[in-house]
Amino acid sequence: MHPALSIIVFTTASGLGYGLAAVLGLGLLDPLSWSTKIAHVLALLLIGGGLISSTLHLGNPQRAWRALSQWRTSWLSREGVMALVTFVPLTLNAFSVIFLDRHLIWAGLAGTVLAAVTVYCTAMIYASLKAIDAWHTPLTPASYLLFSGAGGALAASLFAASGTGPWAGLAIAGMLLLVAAWAVKLAWRNRLQRRPRSTPETATGLGAIGKVRLFEPPHINDNYLTSEMGFRIARKHASKLFRIAFAAGLVAPLILAFIALFLPAGGAMVLLALAVLAFGAGVMVERWLFFAEARHAVMNYY
Amino acid sequence: MTSLPSESTPKKLGLVIDLDVCVGCHACVISCKEWNTGGYGAALSDQDPYGGAVSGTFLNRVHSYEVVPEGGEVVGERGEARIVHFPKSCLHCEDAPCVTVCPTGASYKRADDGIVLVEEDMCIGCGLCAWACPYGAREMDLSAGVMKKCTLCIDRIYNETIPEIDRVPSCVRTCPTNARHFGDLADPGSDVSKMVAARGGFDLMPEQGTRPVNKYLPPRPRRNLASSAPVQVEDTSGARGLLAWVDSMLDRI
């Protein structure tokens, strides 16, 4: 699948934003502290920026409002609806924390639950597509949710360390979620080695005669299908990129957050900030591979 | 509405494509583009039409495959490989995955005849339906920013202003070898259903669970030329008069 930058930015930014919003909703950070107020603004900016980015790839974005109508069958529509609904408690709680110095328990918890549901809907857009073997598994929403939670907990620990609240617990929770997220991701990636559901033989129905090979393509240049679905990445680059994603997205933040546990708040703040940045970069590469390594059934015809 | 019809549609209009007969001339591709660029919805645009990187939107394409039997050899014209030309357009699936993923309701399957269509005024061009289709039947028109697909020439098959013989999809009407057939696959008595039953018509990628309406007829087994009966010497003993004389003279030289 073609890794479109707008979609990668969207899933990375909104994933981190929803994760942060979900952790903020638990009310573990001191609402009097400036860093907590900034955290609320940042979560909304990440979510909003991600959603705007996601509309950039539309052919007719002026009609995007129509996408809220088909929530009965379409995960994309469900995601749109849930994103809007989630904004209500998140904005309410953010307003209260920023201007009234008060955390709203029910709005906060509603925001946490709805943020998780929205991330689940995002992941299900991909996981529901049977034509793309790599995505069609419950491991896809599991990894999206865990990555979102890990990023959120790490970012929240950074803001807690910058303020006055206790942060070590959040950092430890972030580290545990990080390990869980990558464990699921490794299992997800192992699935890529499995025999694909469809082959050129089943795609053409000519398997009864023999082995099928494309003799002459229907068009000489790329078309929409081959540029959208036919993205190919060399295996050696894919494994190198995965190692980069693994190092930046797991190893670096894990080590940084672990060292931070033994430092005073000032030093911990710097290390946790670096951990969040490394995590963000690692997840960007991971998301790029999520698309680049996924093979679409239509390529059996090419 | 992107919910699929709750019951099987009373009619299942679709195509039956005979892979034994298709010669890969691409006439259906051109005929389809020509009819549909001026018909239902936005025109089928081309990008960089006179340049080196030309590409465009088509609703029907012909692939050509080489099929090699198990243990078969590929040695020039004497090898065991055979070429199969393979036209591909929307299969108007009964469980069309492209319809249910549509967030706007632009994609729908007609409850009466099962044709899958896109209401272009409602399409936001997100491309998710093209991702959901395992067959590559949908192509985004990069100029109009909306999804295009085979309409089964809905503006021909029900069109009472054109002669009855033309009320079939453009690809079917134009095929010079009669490799494409149009009809109601829900009716076991229709020509297309009989063809499918007689020739063992099959679905593409049945494992995707889409239950396509369109069927493909397999190429017939290849016969060895040597095993065919030799051409008989013709009997000319009945010839009289001038023709008898011409016959005997031609025999002599």
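1. In this predicted model, 51% of the 253 residues of chain B count as buried. Chain B exposes about 12,300 Å², and carbon and sulfur atoms supply 55% of that area.

2. The secondary structure of chain B comprises seven helices and eleven strands. Its radius of gyration is 24 Å, whereas the globule rule gives 18 Å for 253 residues; chain B is therefore more spread out than a compact globule. The C-alpha trace of chain B spans about 80 × 45 × 40 Å along its principal axes.

3. In chain A, helix α3 covers residues 75–100, a run of 26 residues. The distance from its first C-alpha to its last is 36 Å, close to the 38 Å expected at 1.5 Å a residue.

4. Both ends of α3(A) deserve a remark. Just after the helix, A:D101 adopts a positive phi of about 55°.

5. Which residues of α3(A) are buried? They are A:L76, A:S77, A:E79, A:M82, A:A83, A:T86, A:P89, A:L90, A:N93, A:A94, A:S96 and A:V97. The cover over these buried residues includes α1 (5–25), α2 (34–54) and α4 (105–127) of chain A, together with α3 (128–132) of chain B.

Technical notes
Residues are numbered from 1 along each chain as its sequence is written. Chains are lettered from A and ligands numbered from 1 in the order in which they are written. This is a predicted model: local features need pLDDT of at least 70, side-chain atom pairs count only at pLDDT 80 or more; totals for chains, interfaces and linings use all residues. Side-chain values use heavy atoms; hydrogens and water are left out. Helices (H or I, at least four residues) and strands (E, at least two) are DSSP runs, numbered from the N terminus. The expected span of a helix is 1.5 Å times one less than its number of residues. Buried means under 20% relative accessible area, exposed over 50%, partly exposed in between (1.4 Å probe, protein chains only). Contact means heavy atoms within 4.5 Å. The radius of gyration is taken over C-alpha atoms; the globule rule is 2.2 Å times the number of residues to the power 0.38. Accessible areas come from the Shrake-Rupley method with a 1.4 Å probe; for residues, only the protein chains shown count as cover.
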